[in-house]
Amino acid sequence: MRKHLITSAALLSFVAVAGAQAETPPLEQKDRYKVGFAQMESNNPWRIAETKSFHDTAESCNWDLIATDAAGSAAKQVADVDSMIAQGIDVLFLPPREEKPLLPAVMKAQGAGIPVFLVDRSVDPDVAKPGEHFVAFLGSDFIEQGGRAAEWLIENFEGDKGVIVELEGTTGSSPANDRKQGFDERIAEDDRFEIVASQTGDFARDMGRQVMETLLQAHPDVNVVYAHNDEMAIGAIQALELAGRKPGEDVTIVSIDGTRDALQAIIDGKMGVTVESSPFFGPLACEVMQKYAAGEEIPGWVEVEDRIFTADNAADHIDEAY
Ligand code: GYE
């Protein structure tokens with residue numbers, strides 16, 4: 001028994017030391033790279049714009065790009081990464097649909113000597129670390145995005161009592177977790193507001209509309225909707241209008257992304273704000289990958305700076321929107 005205990009302890013400390021020393025695989029410097037981009041789904045303009053950004057970058061950055069579409073299934077995304085490993089990619093860009101189910105894909109690619117860059121979403125930070133299990137996360141500060149949406153609401157809401165419905169993104173995804181935390185924490189500091197319901201709409205327009213329809217029945221007094229992305233916000237606007245409500249007049253809509261439809265909804269007076277979350281990762285991916293190949297130090301989080309779109313500037317940006 002005692003011997004067994006010592007063995008376990010020794011094993012644990014070995015794992016700890018090995019973990020601390022884990023290093024990401026190097027990337028050879030060459031003219032052309034075989035690049036994998038394992039997209040999670042293509043059911044919204046944000047995803048389509050991101051995939052296009054990688055295809056456009058393939059030309060300018062000399063990539064032979066293998067791009068897949070997991071059609072909303074984390075299991076298929078894992079299988080897509082497997083097949084890319086088998087096809088001998090040099091480097092993997094991965095937007096993990098959910099934080100935990102994609103961990104094995106990250107570990108497997110790294111184990112096969114392929115440097116992994118997480119784009120736009122991350123994996124469970126308690127298990128996988130940048131600089132150890134993947135090179136870096138390229139993306140926004142989602143906690144701050146949620147906080148900025150709350151901040152705008154606090155400054156611009158004119159009523160006495162804000163009854164909020166929150167439409168969450170994909171359950172178990174890093175932007176859903178963090179956008180909820182950032183918004184909920186900030187809004188809790190102002191006692192005019194109460195979040196009466198918070199449910200997932202899976203970052204999708206149709207589900208946002210359906211969930212909003214149901215929540216409207218249970219909470220007819222709702223006068224604020226916070227959606228974790230624009231597609232769900234547009235779905236919520238449709239549900240509200242169908243129920244005879246007037247988004248922008250009797251319901252304030254706050255959201256995140258900056259899609260063309262959202263900017264148009266702001267111009268039309270139906271939506272109050274959308275905090276930017278850019279999908280144009282291709283050029284950044286090219287730059288970071290080349291620096292990594294050149295042996296430069298890459299920060300564990302390559303943070304993307306976001307703007308904010310309101311009635312003051314939506315019209316100036318709609319032409320560049322997606
Ligand atoms: O906001 C959403 C998309 O991961 C940052 O995913 C991304 C989010 C984006 O489906 O619209």
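Helix 8 and helix 9 cross in a left-handed way. A crossing is left-handed if the near helix is turned anticlockwise from the far one by less than a right angle, and right-handed if clockwise. The contact uses Asp-230, Ile-234 and Ile-237 of helix 8. From helix 9 come Asp-261, Ala-262 and Ala-265. Contact means heavy atoms within 4.5 Å. By class, this contact has four nonpolar, no polar and two charged residues.

This is a predicted model, where local features need pLDDT of at least 70 and side-chain atom pairs count only at pLDDT 80 or more, while totals for chains, interfaces and linings use all residues. Residues are numbered from 1 along each chain as its sequence is written, and side-chain values use heavy atoms, with hydrogens and water left out.

Helix 5 and helix 6 also pack, and their crossing is right-handed. The table sets out both pairs.

| Helix pair | Axes | Angle |
|---|---|---|
| Helix 8 (residues 230–242) and helix 9 (residues 260–267) | within 9 Å | roughly 50 degrees |
| Helix 5 (residues 142–156) and helix 6 (residues 174–187) | 7 Å apart | about 35 degrees |

Axes are lines fitted to C-alpha atoms, for helices over the stretch in contact, and angles run from 0 to 180 degrees between N-to-C directions. Helices (H or I, at least four residues) and strands (E, at least two) are DSSP runs, numbered from the N terminus.

The contact of helix 5 with helix 6 has nine nonpolar, six polar and four charged residues. Ala, Val, Leu, Ile, Met, Phe, Trp, Tyr, Cys and Pro count as nonpolar, Asp, Glu, Lys and Arg as charged, and the others, Gly among them, as polar.

Six strands form an open sheet in the order 2-1-3-4-5-11, with parallel pairing. Two strands pair if DSSP finds at least two bridges between them. Strand 2 (63–69) and strand 11 (301–303) stand at the edges with a single partner strand each, so one side of each has no neighbour in the sheet. From one strand to the next, the twist averages 20 degrees.

Strand 3 (residues 91–94) and strand 4 (residues 116–119) run parallel, joined by three bridges. Leu-92 has Val-116 of strand 4 as its bridge partner. Helix 4 (residues 103–111) packs on the sheet and touches strand 3 and strand 4. Its direction makes about 150 degrees with that of strand 4. Helix 3 (residues 74–86) lies across strand 1 (33–39), strand 2 and strand 3.
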